[in-house]
Amino acid sequence: MTELKWFLRGDTNIKFLVDNNCNIWNGDAYKKYHEAFPETEMLSQEQFINLIKTDDEFAKKWGDLGPIYGKQWRDWDGRQERDGSYDMSLDQIANLIFQLKRNPDSRRLMVNAWNVGELSEMTLPPCHYGFQVYTRLTTREEKIVNPGKYRAISLMWNQRSVDTFLGLPFNIASYAALLCLIAEEVNMVPDQLIGNLGDVHLYSNHVDQATEQLS
């Protein structure tokens, strides 16, 4: 949930994550740092993360992961206004909410993180690279259970690469939460969650853990 909040803030620096005890991006930031220094001058990962927490200048330089998810969701081409707001046509989340309220039958209710022109600047290109929402009128039965809510909303996300044992549970939970948040914001009922998954794999170092879980 901290990671999802980080995306929705438009943040791309791991400082917010580590300050809130979310460490799932630490390795990616450290790998970027690791590639910039010879082995003899390097900090350990523990030292690196401690500096991210305590040294703002260090965090600003080495904690940023480039224009990954949050940047693409909230500021597609970097035209942030001086007051910190964004051009809504480029703030995909704000635009999605606006369109859902204005034109919920649209077939263009999409958010994309695969910005081809900025992939080379990203520490890690997006695995889940986009999502689409779809709404429908609620049934009579649904209206009884959810009074005042006249539409149901579903979310479908697309993922190019899926670490089934470790990563996929995060993705399911994150997009389920996002669906519920959007539904609450636009006064709709959360409906279906759909994942289109490409290159679905189980890493060899997860086989024992996966076998244990299955048993």
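Which residue in β2 is the bridge partner of methionine 110? In this predicted model, the partner is glutamine 132. The pairing of β1 with strand β2 (residues 128-137) is antiparallel and extends over 3 bridges.

These two strands belong to an open sheet of 4 strands, arranged in the order β1-β2-β3-β5 with mixed pairing. Strands β1 (110-112) and β5 (189-197) form the edges, each pairing on one side only. On average, and with direction ignored, neighbouring strands of the sheet are turned by 15° against each other. Helix α7 (residues 92-102) packs on the sheet and touches β1, β2 and β3. The direction of α7 makes about 175° with that of β1. Helix α9 lies across β2, β3 and β5, and runs at about 150° to β3.

The largest nonpolar core contains 48 residues, of which Ile14, Phe48, Trp73, Leu100 and Phe131 touch the most other members. Helix α9 (residues 167-185) supplies the largest share of this core, with 7 residues. For phenylalanine 131, the contacts were examined with its neighbours within four places in sequence left aside. The residues in contact with phenylalanine 131 on this basis include Trp73, Ile93, Leu96 and Leu109, together with Met110, Val111, Leu155, Met156 and Trp157. Tyr175, Leu178 and Ile182 are also among the contacts of phenylalanine 131.

Phe48, one of the core residues named above, is found in helix α4 (residues 45-54), where Phe48, Ile49 and Ile52 are buried. Viewed down the axis of α4, the buried residues fall within an arc of 95°, so they line one face of the helix. The face turned away from this buried side carries the exposed residues Glu46 and Thr54. The cover over the buried residues of α4 includes α2 (15-19), α3 (26-34) and α5 (56-62).

Glutamine 159 is located in strand β3 (residues 151-159). Glutamine 159 counts as buried because its relative accessibility is 4%, against a cut-off of under 20%. A polar atom of the glutamine 159 side chain lies 3.1 Å from the backbone oxygen of serine 161. With its neighbours within four places in sequence left aside, glutamine 159 is in contact with Cys127, His128 and Tyr129, with Asn171, and with Asn196, Leu197 and Gly198.

How values were computed
Residues are numbered from 1 along each chain as its sequence is written. This is a predicted model: local features need pLDDT of at least 70, side-chain atom pairs count only at pLDDT 80 or more; totals for chains, interfaces and linings use all residues. Side-chain values use heavy atoms; hydrogens and water are left out. A nonpolar core is a set of buried Ala, Val, Leu, Ile, Met, Phe, Trp, Tyr and Cys residues joined through side-chain atoms within 4.5 Å. Buried means under 20% relative accessible area, exposed over 50%, partly exposed in between (1.4 Å probe, protein chains only). Contact means heavy atoms within 4.5 Å. A polar contact is a pair of N or O atoms within 3.5 Å; within protein, one must be able to donate a hydrogen and the other to accept it, and residues adjacent in sequence count only if both atoms are side-chain atoms. The arc is that of the directions from the helix axis to the C-beta atoms. Two strands pair if DSSP finds at least two bridges between them. Axes are lines fitted to C-alpha atoms, for helices over the stretch in contact, and angles run from 0 to 180 degrees between N-to-C directions.
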